Amino acid sequence: MNNKQLITFATISALLANFATAEDLVELSIEFPPPMITGTPVPAVLPHLEPPGTPAPTIMAPAGTKNLAAGKSVTSSDDFPIIGDLEYVTDGDKDAGEGYFVELFEDIQWVQIDLEKEAEIYAIAVWHFHSQKRAYKDVVVKVSNDESFEDYKIVFNSDHDNSAGFGKGDNSAYIETNEGKVIPVNKLKARYVRLYSNGNTSNEMNHYTEVEVYGI
Amino acid sequence: MKDLENVNVSRRDFVKSSMVMSGGILLSTAPGKVFAQANPKNNAINVAIIGIGAQGRVLMESLAEIEGLNFKAVCDIWEPARKYGYNWLGRKTRQKVNVYEDVEDMLEKEKDLDAAIVATPDLWHAPHTNMCLKAGLDVYCEKMMARTVDEARSMVKTAQETGKLLQIGHQRRSNPRYIHAFEKLINEAKIAGRLTNANGQWNRSVAGSADIPYNPKLSIPKETLNKYGYADMYQFRNWRWFKELSGGPISDLGAHQIDIFNWYFQARPTSVMASGGADYFAKREWYDNVMVIYEYPQPEGAARAFYQVLTTTSAGGGYYEQFMGDQGSIKMSENPSLSKIYREDASPDWDQWVNMNYVKRSEAYNASKESTTVDSRETAPLVGYDLPIVLNKPPHMPHLENFFSAMRGEAKLNCDALHAFESEAAIFKVNDAVEQKRTIEFTDADFAV
């Protein structure tokens, strides 16, 4: 396939995606890493935990929807992670274990992904740290076209008491598993995705193994 | 967030400027602004942490909350672990530690250490503990004490010879919930009556027993791995499956519960029979499932204790120890939601123990007799009670606090090496019983140092 054919194919795909109707949508397939639990369990106690085993939502998206975050640059509120690199967040490695997650310091911290251009987003998937059954506190996910997030839309908020300061959220906290958390996003258009957390039920630190942003 | 507001150097600048030599190890870290050295506390205890793996990090979280500690050094053969200890302690406690790969090197250079926390893989517990004791340090060493009973015995001997303190990390011995159940319910109230049996387990699902992965980019050079007893990186990360490196799941997990059998029965077992095998995980050397029966002498006759460690199912609710008597039973777990005290239906009421706050009433067990009674001779459902004690700290913190209190002469160790050895000698015999396929009678020599 030469360059001209590639461009033509991409253009047609984009046009088709833009004019997609409900009939054109297909179920988004998200790949989960193998499950792995290690260490001494720590009881996860939060007042608004969703029942364990809650299935991930089915995401319908136009054919050609893909993970736009792959390999994109990541910034953070914490310039000096305890361990790991911010690059891990979008490097495609979702395995649990040493060398696959970045650990940010305690209190409210965020990571931000620059998709490099505005995209129509259908889902965001996040794996904080899934080798222990723990729940992260005050998980808030925002999207924006403004790098500084002066203006934004919240697509997930499990902060039940507004301790993070973005308002009380309606979403339940959840136990981390190899399936992470798949967050439906209703075709919002944005270039930046920012994810907050405020420690977890096992310790005060914040972790990210992988974030995927599905869109076109 | 005030601390973090001080962190205003870009990552690029940080990487350029912050490669430092510390304790002979080249380490990338944050600048002094982040890691401002706190003034060493006068009369504080100078601590080294040896082994910054998963358990070492759990202990660090408790250690950082304990007053009066100066963190002086961390030691681990894996660079990411060293970096973790350095960065975590630096940011959490504002104390700058030196980092080492080798314990001997650390002991040679750090001349003002008072205590060592040993959380290395089991094969290194005895060498590291003995080295530190001989260097004049008091030691807190994780359980199991060692890979073999002889190595564990050597640790007791060294502690006795040096006169230094050696606390073994059976942390339930300092848990106020466990202490309350032992002192108030078993010893004082004898709430369960004559203890006739015990039942304990630590069962984990296949996912919970999976191989521990690692990013190959972080591999340790082969010569370093070999120097420290590991054939390769897989073995280093998964040492629990190998006979030369550990005692297997019955040692790794069984140590938690079988120690409580010995503690609550206040006795050594007289015999052990066991069955087990490496049946599920083809590549693992150690038995992946073991079932054990101990016999314990009690004042009114023998009591039997069953224990199982299964690494292919979490059936039965995870991990607990249950002591059963003719008046009731006491089910203990580090997880409060798995704990319950049950009164036998025909036993005298427990109002006095409720009034004395030894137990508190919980919702009665309301199982439908209509649906569950299949035999007219079936006993009525037991009435459940709860422990009134809450542990509002990380589970290992009281045990560490006890260790440092003992160092200051303010307390006695809750699990000194000799008492831990008596428990662990019984655990080491399980693998022998599995291998020999027979009941093994204990002798005094088994528990002698």
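# A chat about chains A and B

Tutor: In this predicted model, A:Tyr174 is buried, with a relative accessible area of 3%.

Student: Where does A:Tyr174 lie in chain A?

Tutor: A:Tyr174 sits in a loop of chain A. That loop runs between β8 (153–157) and β9 (181–197).

Student: Which residues is A:Tyr174 in contact with, leaving aside its neighbours within four places in sequence?

Tutor: Among them are A:Leu49, A:Glu50, A:Val126 and A:His128. The list also includes A:Arg134, A:Ala135, A:Tyr136 and A:Val139. A:Phe156, A:Gly180 and A:Lys181 are in contact with A:Tyr174 too.

Student: And how many Å apart are A:Tyr174 and A:Pro184 in space?

Tutor: They are 15 Å apart, C-alpha to C-alpha. In sequence, 10 residues separate A:Tyr174 and A:Pro184.

Student: Let's zoom out. How many helices and strands are in chain A?

Tutor: Chain A has 1 helix and 11 strands. From the N terminus, the order is α-β-β-β-β-β-β-β-β-β-β-β.

Student: How many of the residues of chain A count as buried?

Tutor: Of its 216 residues, 52% are buried. The accessible surface of chain A is about 9,800 Å². Carbon and sulfur atoms hold 51% of that surface.

Student: What about contacts in chain A between residues at least 6 apart in sequence?

Tutor: Of those contacts, 79% join residues at least 24 apart.

Student: What is the phi of A:Phe149?

Tutor: A:Phe149 has a positive phi of about 55°, and it is not a glycine. A:Phe149 lies in the loop between β7 (140–144) and β8 of chain A. At 5% relative accessibility, A:Phe149 is buried.

Student: On to chain B. How many helices and strands there?

Tutor: Chain B has 17 helices and 18 strands. Of its 449 residues, 55% count as buried.

Student: And what is the accessible surface of chain B?

Tutor: About 19,200 Å². Carbon and sulfur atoms account for 49% of the surface of chain B. Among contacts in chain B between residues at least 6 apart in sequence, 71% join residues at least 24 apart.

Student: Which residues of helix α3 of chain B are buried?

Tutor: In α3 (residues 54–63), B:Gly56, B:Arg57, B:Leu59, B:Met60, B:Ser62 and B:Leu63 are buried.

Student: What covers the buried residues of α3(B)?

Tutor: The cover includes the strands β3 (45–50), β4 (69–75), β6 (115–118) and β7 (138–141) of chain B. It also includes the helices α4 (79–93) and α15 (397–407) of chain B.

Student: Which helix of chain B packs with α12?

Tutor: Helix α12 (residues 254–265) of chain B packs with helix α16 (residues 417–436) of chain B. The angle is about 120°, and the axes are 9 Å apart. Therefore α12(B) is oblique to α16(B). The crossing is right-handed.

Student: Which residues meet there?

Tutor: From α12(B) come B:Gly254, B:Ala255, B:Ile258, B:Asp259 and B:Asn262. From α16(B) come B:Glu422, B:Ser423, B:Ala426 and B:Ile427. By class, the contact of α12(B) with α16(B) has 4 nonpolar, 3 polar and 2 charged residues.

Student: Where is B:Arg237?

Tutor: B:Arg237 is in helix α10 (residues 233–237) of chain B. B:Arg237 is buried, with a relative accessible area of 18%. The cut-off for buried is under 20%.

Student: What is B:Arg237 in contact with, its neighbours within four places in sequence aside?

Tutor: B:Arg237 is in contact with A:Glu98 from chain A. In chain B, the contacts are B:Trp78, B:Ile212, B:Pro213 and B:Tyr214. B:Asn215 is 22 residues away along the chain, and its C-alpha atom is 11 Å from that of B:Arg237.

Student: Last one. Is the peptide bond from B:Lys143 to B:Met144 cis or trans?

Tutor: That bond is cis, with omega near -20°. B:Met144 is in the loop between β7 and α7 (149–162) of chain B. Most peptide bonds are trans.

Conventions: Residues numbered from 1 in each chain as written. Chains lettered and ligands numbered in written order. Predicted model: local features only at pLDDT ≥ 70, side-chain atom pairs only at ≥ 80, totals over all residues. Heavy atoms only, no water. Axes fitted to C-alpha atoms, helices over the stretch in contact; angles between N-to-C directions. Helix = DSSP H or I, 4+ residues; strand = E, 2+ residues; numbered from the N terminus. Parallel < 35°, antiparallel > 145°, perpendicular 65-115°, else oblique. Left-handed = near helix turned anticlockwise from the far one by under 90°. Contact = heavy atoms within 4.5 Å. Nonpolar A, V, L, I, M, F, W, Y, C, P; charged D, E, K, R; others polar. Buried < 20%, exposed > 50% of the residue type's maximum accessible area, 1.4 Å probe, protein only. Areas by Shrake-Rupley, 256 points an atom, 1.4 Å probe, with all protein chains shown as cover.
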